[in-house]
Amino acid sequence: MRFHDLRHPDTMGSEEIVGFLTHLATNEQVSASTQNQAASALSFLYRDVLGREPHIGRSIPRARRPRHLPVVLTRTEAAVVLSQLRGPVRLAALLMYGSGLRLLETLRLRVKDVDFRTRQLVIRRPKGNRDRVTMLPNAAEQSLRERFESNRRLWRSDLEDGAGWVELPHAFARKSPNAGREWTWQWVFPATRRYRDEETGQTRRHHLHESAVQRRVGQAVRRSGINKRATCHTFRHSFATHLLEDGYDIRTIQELLGHKSVKTTMKYTHVLNRGGLGVRSPADALPDLKDPRSVGAG
């Protein structure tokens with residue numbers, strides 16, 4: 001409204017919307033996500049509030065989405081950050097680094113998703129809704145077994161109090177409504193507090209909130225003195241990069257990360273210490289030529 005001299009939105013249409021979005025990209029030089037958010041907000045306003053369908057079209061100059069290389073910790077840095085963490089947050093961070101999990105994938109793990117016999121984790125309903133399997137690190141096994149024992153005591157205590165419920169996927173909740181109190185469906189990282197679900201009347205536990213883990217990891221990074229903008233997702237970036245350093249096939253890493261396209265996984269080749277795409281420079285294979293006089297003039 002301010003951009004169009006305080007005209008009311010109902011007196012404007014597609015032409016004015018396109019003009020404003022173009023202004024954001026060309027004059028304000030906003031990020032791509034900011035322009036997309038503005039376009040979505042205007043679409044909602046016209047479609048759901050004013051009852052008109054705006055025809056924005058595809059000819060709008062789009063703000064460029066910058067290409068950023070992922071932040072990656074060295075192995076030593078990852079170990080230092082992990083040493084600053086305690087309890088379930090440390091275990092969650094260890095799984096993010098050791099198994100390549102996203103933060104929410106880690107916190108949404110259930111008891112049935114952990115297989116100690118085959119040493120693997122099943123990641124269900126991840127980003128993109130493509131279930132996958134990844135490894136269970138040896139370094140996390142003992143802590144995970146201890147967490148299961150403490151969780152089992154907590155679950156039994158909840159059952160005695162008439163609670164013990166967890167949220168189920170909607171389709172399965174209809175098929176097997178009592179499964180929400182079974183041990184196999186309990187969270188690996190349960191929250192410390194219970195809540196009452198208004199729809200069902202059940203007293204439940206949610207999984208540990210992601211903000212609690214993000215805050216603790218951020219504090220650990222600052223205490224470690226690492227001069228990198230590292231977050232929970234940095235552990236996943238480090239997982240992929242260190243596997244590439246160890247010579248593992250990029251297709252295998254793609255499957256472990258759950259990337260739909262190998263192009264997404266290829267970004268980690270650009271952060272290896274061996275240069276672009278992990279290729280060794282031919283200059284490094286030259287014979288030792290410390291004295292230029294030994295090869296003659298010219």
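Reader: Which residue lies over the face of F116, and how far is it from the ring centre?

Author: A charge sits over a ring if NZ of Lys or CZ of Arg is within 6 Å of the ring centre and within 35 degrees of the ring normal. Here R145 takes that place over F116, at 4.1 Å from the ring centre, and K112 likewise lies over the face of W185, at 4.5 Å. This is a predicted model, in which local features need pLDDT of at least 70, side-chain atom pairs count only at pLDDT 80 or more, and totals for chains, interfaces and linings use all residues. Residues are numbered from 1 along each chain as its sequence is written, and side-chain values use heavy atoms, with hydrogens and water left out.

Reader: How many aromatic pairs are found in the whole structure?

Author: Rings of Phe, Tyr and Trp (its six-membered ring) pair if their centres lie within 6.5 Å, and planes under 30 degrees apart count as stacked, over 60 as edge-to-face and the rest as tilted. The search finds 5 such pairs. One of them joins F116 and F148 edge-to-face, with 5.5 Å centre to centre and 75° between the planes.

Reader: Where in the chain do F116 and F148 sit?

Author: Helices (H or I, at least four residues) and strands (E, at least two) are DSSP runs, numbered from the N terminus. F116 is in the loop between β1 (114-115) and β2 (120-123), whereas F148 belongs to helix α6 (residues 138-160), so the pair links distant parts of the chain, 32 residues apart. Both residues also belong to one aromatic cluster with W155 and W183.

Reader: Why does F116 count as buried?

Author: Buried means under 20% relative accessible area, exposed over 50% and partly exposed in between (1.4 Å probe, protein chains only). F116 counts as buried because its relative accessibility is 17%, and F148 counts as buried at 10%.
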